[in-house]
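I opened a new page for this structure.

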Amino acid sequence: MNCGSRCVLRAHVTKGVVTRIETDDLGDDTFGTHQIRACLRGRSMRRRIYAPERLKYPMKRVGKRGEGKFERITWEQALDEISGRLKKTIDTWGNESVYLNYGTGNLGAVLSKSWPPSSTPVARLMNCLGGYLNHYGDYSAAQIETALPFMFGDSWVEGNPITDIANTKLAVFFGNNPGVTRMSGGGIMKDLLHAREQGKAKIIVIDPRYTDTAISVADEWIPIHPGTDAALVSALAHVMISENLVDREALRRLTVGFDEDTLPPGIPAGNSYTSYILGKGPDKTAKSPAWAAGITGIPEQRIIQLAREIAGAKPCYIVQGWASQRQANGEQTARAICTLPLLTGNLGVQGGNTGAREGGVSLKFGSFPTLQNPVKTAISVFMWTDAIERGKEMTDKRDGVQGRERLVAPIKFIWNFAGNCIVNQHADAGRTTRILQDETKCETIVVIDNFMTPSARYADILLPGTSNLEEDDFAMHNNCSAMSFVVFTQKVVEPFFESRTIFDICAGVAKRMGVEQAFTEGRTRDQWLRKIYEDSRVMHPDLPATLEEAFAMGFYKHHHEGPPPVAYKAFREDPEKNRLKTPSGKVEIFCKKLWEIGHTWELAKGDRITALPEYLATWEGISDPLRKKFPLQIIGHHYKQRTHSTYGNVDWLKRIAPQELWINPLDAEPRGIKHGDKVRVFNDRGATMVVAKVTPRIMPGVLSLPQGAWYTPDANGVDQGGCMNALTSQRPTPLSKGNPQHTNLVEVAKA
Ligand code: SF4
């Protein structure tokens with residue numbers, strides 16, 4: 001699944017049926033080679049693969065698209081139909097009208113990988129046929145992945161592993177909740193708990209919610225209004241600069257743009273970071289703690305004290321999860337948080353961090369070659385509904401199209417493998433479903449899944465894929481800091497009814513399209529698996545001699561000895577010899593490329609892209625006048641019942657962790673809402689019904705609804721499933737054109 005962990009499951013099988021799931025019980029559980037124990041989601045796998053929604057046969061839509069009416073067809077009919085439609089689409093509209101939608105249901109696999117699109121068997125099939133329209137970014141981290149490379153030069157900006165908290169004085173978490181997103185034996189929460197025991201670090205969690213991570217490890221929770229982290233950082237910088245607490249020597253050696261002396265050539269005076277912070281820049285506004293208090297909701301005195309604490313702790317570990325950046329100003333937030341370690345000299349040191357997500361240690365392993373995509377055009381992962389509706393209007397400077405100035409075709413054919421983003425996980429489900437219901441726009445949707453999900457209902461051809469327990473594969477884990485591992489995910493039962501692997505499905509289409517040899521290279525799925533294993537043995541000669549022995553072993557762990565690796569250590573020690581890939585060779589607090597983009601791109605009204613990591617107030621943010629009508633901000637947090645929408649249909653998990661709207665007593669009481677009441681949450685985009693959890697664990701003025709619940713609209717279009725995306729917006733963020741799914745204003749009423 002797309003969980004930040006990858007835990008080990010062991011299945012008891014009786015007469016070809018899984019009757020019980022257990023987890024790892026090997027070893028002495030010493031930290032660093034500890035057991036990879038599963039959470040309750042993994043342990044409920046039996047209820048998942050035998051859920052009533054499980055697909056059994058290939059099917060073809062017979063009602064209107066989205067109505068959910070299908071008839072059973074044979075595999076021969078299904079593959080013929082797909083091949084015929086695919087050929088017609090390519091002949092009529094070209095390869096760039098075929099799109100592989102985002103799907104992370106099989107993220108942990110190698111041969112059945114469902115994301116990134118370029119690593120999937122569907123990509124290999126399409127590459128044999130002339131290519132497809134690709135996407136960049138992802139729903140998890142689109143904004144930070146786009147923003148930080150401008151600052152650091154690398155395509156992916158690493159951090160020190162979370163185990164380095166054992167070597168720090170103070171750890172500050174922004175919107176990071178590994179207690180839910182990276183839990184259990186396979187996740188970094190285990191590393192964090194261990195680091196907390198080993199060291200003496202104080203831990204502060206900054207988040208609108210008092211999260212499970214905050215409960216487990218934090219000394220203090222500082223609630224903050226969603227979308228205002230950059231305002232807080234600016235005010236912290238104001239205190240540090242005013243009180244001369246910044247590390248000027250490190251700033252001079254490692255960065256550009258902190259002060260007027262280090263601005264790039266050609267940039268007018270008054271545009272440095274210091275000028276912005278002290279109110280000497282174009283906006284003439286000092287980013288004082290009093291200014292930030294009115295935006296963030298954090299008291300002025302606490303901001304002043306926090307600045308002194310961060311500046312005084314040597315070292316200090318500053319880390320951000322991906323919640324803070326999933327906002328309309330997320331690119332700014334991501335860069336702003338990464339400015340803090342630069343101001344305080346914490347980049348490239350043991351016990352410090354980049355301010356980005358905590359790092360991990362990778363384990364190399366073989367992969368399934370998917371060939372080169374002849375098409376170089378890509379859209380943002382979030383813009384596919386627009387590419388259906390107004391494809392040929394979309395341009396590079398307005399819509400973030402890459403590889404071309406303008407799209408040459410709208411999306412006419414969608415492959416959706418192991419993904420629930422066609423409806424459920426994409427924003428504004430109401431708009432999405434209206435676009436998809438018009439069959440003259442996107443002409444064909446092929447869905448390959450285990451279940452009749454809200455997205456699968458929109459398929460034209462619906463194919464039953466095998467579950468993880470019904471096919472051999474490998475599952476990589478690279479997120480841990482103390483160990484990395486691969487799980488040999490052995491097939492334990494035969495495919496459910498007529499389910500097929502994605503490899504066999506693609507091979508079937510390839511045969512009909514005349515590219516079978518190019519797709520398979522004469523190998524069966526099993527032969528490819530053995531080849532990948534042999535390739536991996538070259539990298540790891542200590543792996544067992546045969547695949548059978550590997551499956552018998554179950555998993556392969558790699559323990560990392562020594563102190564946690566330090567990101568950007570070499571750069572810090574000798575920035576001239578180890579220049580970054582930025583134009584200046586240094587970390588760019590002021591980024592000239594962004595300055596140019598901000599002056600040349602066509603942006604939506606109110607949007608800005610700035611060279612500095614400024615705080616930008618946004619639509620549906622804390623200061624939007626729309627709050628008169630919809631006074632509450634709402635965010636969608638990850639929840640232990642599901643990994644995104646996966647496991648959303650498992651009855652046991654629904655009973656353990658029911659879908660609930662978090663609301664503070666100060667917001668509930670004036671609305672007459674009591675704990676356990678059914679409520680209606682709504683804005684101009686839609687409405688959803690859910691039960692209220694009245695709790696001081698969410699700050700006043702903010703609601704939180706666990707994301708991933710299955711969208712279940714009634715006849716009036718009101719969602720009955722508590723689905724966050726009944727409320728979210730499809731307006732993309734300015735730079736990455738990513739998903740601002742935590743930027744929303746709503747009202748709530750007792751139902
Ligand atoms: S859902 Fe995540 S934490 Fe739970 S068992 Fe699976 S991989 Fe582990």
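Predicted model: local features only at pLDDT ≥ 70, side-chain atom pairs only at ≥ 80, totals over all residues.

Residues are numbered from 1 along each chain as its sequence is written, and side-chain values use heavy atoms, with hydrogens and water left out.

Secondary structure: I found 25 helices and 25 strands in the protein chain (DSSP runs, H or I of at least four residues for helices, E of at least two for strands, numbered from the N terminus). The radius of gyration is 25 Å, close to the 27 Å that the globule rule gives for 751 residues, so the chain is as compact as a globular protein of that length (taken over C-alpha atoms; the rule is 2.2 Å times the number of residues to the power 0.38).

Burial: I read that 63% of the 751 residues count as buried (under 20% relative accessible area, 1.4 Å probe, protein chains only).

Contacts: Among contacts between residues at least 6 apart in sequence, 74% join residues at least 24 apart (heavy atoms within 4.5 Å).

Pocket: I looked up the second largest pocket (an open set of points on a 1 Å grid, with protein on both sides within 12 Å along at least five of seven lines; lining residues have an atom within 4 Å of a point). Its lining has 41 residues, and Cys7, Val8, Leu9, Val487 and Thr489 are the closest to its centre. Strand S1 (9-14) and strand S17 (483-489) are among the elements that give two or more residues to this lining.

Technical notes: 1 Å grid on protein atoms, 1.4 Å probe; cavity = no way out; pocket = protein on both sides within 12 Å on 5 of 7 lines; lining within 4 Å. Buried < 20%, exposed > 50% of the residue type's maximum accessible area, 1.4 Å probe, protein only.
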